[in-house]
Amino acid sequence: MPYRTIIEPFKIHTVQAINFPTLQEREAALERIGYNLFGLNGAEVIIDLLTDSGTGAMSSKQWAGMMDGDESYAGSRSYYRFRDTIKDITGFAEIIPTHQGRAAEKILFATMVSPGDVVPNNTHFDTTRANVEYQEAEARDLVIAEGKDPSSMHPFKGDMDVAALERTIEQVGRDRVPLVMVTITNNSGGGQPVSMANLRAVREVCDRYDIPFFLDACRFAENAWFIKQREEGYADKTPREIAREMFSLVDGCTMSAKKDGLANIGGFVGLNDPDVARDCRNLLILTEGFPTYGGLAGYDLEAIAQGLEEVLEETYLQYRIRSTAYLAEKVSSAGVPIVRPPGGHAVYLDAKAFLPHIPPHQYPAQALAVELYREGGVRGVEIGSVMFGRPKPDGSEEPAAMELVRLAVPRRTYTQSHIDYVGEVVIAAAERAEDIRGYRITDQAPWLRHFTARFAPL
Ligand SMILES: *Cc1c(COP(=O)(O)O)cnc(C)c1O
């Protein structure tokens with residue numbers, strides 16, 4: 001189309017009201033929840049950019065599919081639709097439904113990972129890291145150096161450092177590396193894409209050492225779109241063809257259907273090895289359910305099958321990636337430091353640059369996230385030392401590589417004016433950055449502490 005504005009490729013069919021808590025109500029909420037935005041009631045949030053996970057709007061065709069879900073305990077027709085859709089996109093022989101992505105991780109790692117192992121990834125997502133560590137193995141992040149530099153304009157900042165991967169395998173020994181994983185797009189590293197060339201290079205190393213290669217495929221369609229836009233030789237391929245090629249380079253994947261499944265719940269493991277699949281299914285029965293539903297209702301399987309078709313439509317992906325870039329342009333043109341170029345599903349504010357007076361152990365990104373809520377009821381999430389800081393033997397903490405606030409954009413949920421409002425809130429907080437203070441943790445859990453920790457202002 002010859003017009004500049006990329007419009008939402010849908011019209012609104014059902015609406016849900018937004019609440020507007022006052023500033024006093026927001027202040028009171030912050031005190032009540034110990035300044036941890038995970039503690040908010042959804043009704044206390046005006047624009048919720050906490051996550052793009054399970055927060056998207058489903059299409060009329062997905063809802064129609066749900067009405068037609070088959071709730072047979074074993075052999076549900078909806079399972080076969082789910083399985084065949086995923087087989088068609090990925091080419092994997094074995095498709096195991098799970099109730100969400102972390103359940104897929106738990107089952108796969110419990111099957112493949114042993115104590116003392118090392119699992120390389122470009123950047124582990126928080127639940128992925130926790131599930132590796134729960135097996136008493138080490139989760140090692142090997143993203144390229146540009147991926148840790150918020151100002152680098154490298155087109156594929158999610159790429160894995162292939163030389164570092166090879167060094168890791170040599171150093172710890174092939175037998176202690178049960179699988180290599182690459183996260184597409186690299187969520188915790190800024191939602192940055194991974195190139196096909198990099199996937200091919202990782203495959204080559206894995207082949208040389210005979211190590212299985214898996215994708216954390218939550219945003220495979222967004223990654224495919226970036227490859228189409230940025231990598232030579234892919235401009236004329238469809239997102240589905242590119243996705244198929246990405247999956248052809250690996251032995252399996254874990255997936256959260258709450259992301260590029262365009263569904264509100266669900267996930268799966270896809271893989272080719274029948275022995276690993278059998279062991280995964282045995283665990284699945286123990287913790288999730290029978291292999292043809294895996295912790296999901298038949299209607300969920302329908303919603304996911306339909307969502308996986310819609311997510312690969314070019315009009316959808318063009319709108320999706322453009323809507324994130326639009327928010328990024330809005331805030332960065334006002335001088336707010338962000339991770340550039342913007343990722344697929346989120347804009348990451350660079351709190352280290354935004355609040356240089358707050359040191360990492362006073363959690364600058366947490367402070368910024370709290371301020372966006374206080375300012376305009378916008379909920380983002382800290383991706384920094386609260387989420388990834390490591391305790392040291394002396395009781396201090398090894399800070400995270402970056403201090404980011406992620407503003408994740410739910411799929412097909414907010415309009416351009418909602419995003420304009422978010423931009424204004426971020427800019428208003430930036431104008432009083434010097435007055436923002438850090439936090440200390442008053443209470444925390446032994447793992448995934450960011451979900452439940454409580455804070456006090458300094
Ligand atoms: C969301 C996510 C997961 C976990 O999926 P859940 O459905 O939330 O359990 C794993 N990896 C990445 C990259 C994710 O974004």
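How are H1 and H14 oriented to each other, roughly parallel or roughly antiparallel? Before I answer, let me say that what we have here is a predicted model, in which local features need pLDDT of at least 70 and side-chain atom pairs count only at pLDDT 80 or more, while totals for chains, interfaces and linings use all residues. Residues are numbered from 1 along each chain as its sequence is written, and side-chain values use heavy atoms, with hydrogens and water left out.

So, to the helices, which, like the strands, are DSSP runs numbered from the N terminus (H or I, at least four residues, for helices; E, at least two, for strands). H1 packs with helix H14, residues 364-376, at an angle of about 150 degrees, and their axes are 8 Å apart; the axes are lines fitted to C-alpha atoms, for helices over the stretch in contact, and the angles run from 0 to 180 degrees between N-to-C directions. The two helices, H1 and H14, are therefore roughly antiparallel, given that angles over 145 degrees count as roughly antiparallel, under 35 as roughly parallel, 65 to 115 as roughly perpendicular and the rest as oblique. On the H1 side the contact, meaning heavy atoms within 4.5 Å, involves Leu 23, Arg 26, Glu 27, Ala 29 and Leu 30, which meet Val 370, Tyr 373, Arg 374, Glu 375 and Gly 376 of H14. By class, this contact of H1 with H14 has five nonpolar, one polar and four charged residues, where Ala, Val, Leu, Ile, Met, Phe, Trp, Tyr, Cys and Pro count as nonpolar, Asp, Glu, Lys and Arg as charged, and the others, Gly among them, as polar.

The second pair is helix H3, residues 77-90, with helix H9, residues 239-248, whose axes are 7 Å apart at an angle of about 85 degrees, so that H3 and H9 are roughly perpendicular to each other. Here H3 contributes Lys 87, Asp 88, Ile 89 and Thr 90, and H9 contributes Arg 240, Ala 243, Arg 244 and Phe 247.

Turning to the ligand, 15 residues surround it, the closest being Arg 102, Asp 216, Arg 219, Ser 256 and Lys 259; a residue counts as near if one of its heavy atoms lies within 4 Å. Among the polar contacts, which are pairs of N or O atoms within 3.5 Å, a polar side-chain atom of Asp 216 lies 2.7 Å from a ligand nitrogen, and a side-chain N or O atom of Ser 256 is 2.7 Å from a ligand oxygen. From Gly 101, a backbone N or O atom lies 2.9 Å from an oxygen atom of the ligand. The shell divides into two nonpolar, seven polar and six charged residues, and its largest share, three residues, comes from H4.

Finally, some backbone geometry: most residues other than glycine have a negative phi, and most peptide bonds are trans. Tyr 35, in the loop between helix H1 and strand E1, has a positive phi near 60 degrees. A cis peptide bond joins Ile 184 and Thr 185, with omega about -20 degrees, and the bond from Arg 340 to Pro 341 is also cis, with omega near -10 degrees.

Terms used: Polar contact = N/O pair within 3.5 Å; in protein donor to acceptor, adjacent residues only side chain to side chain.
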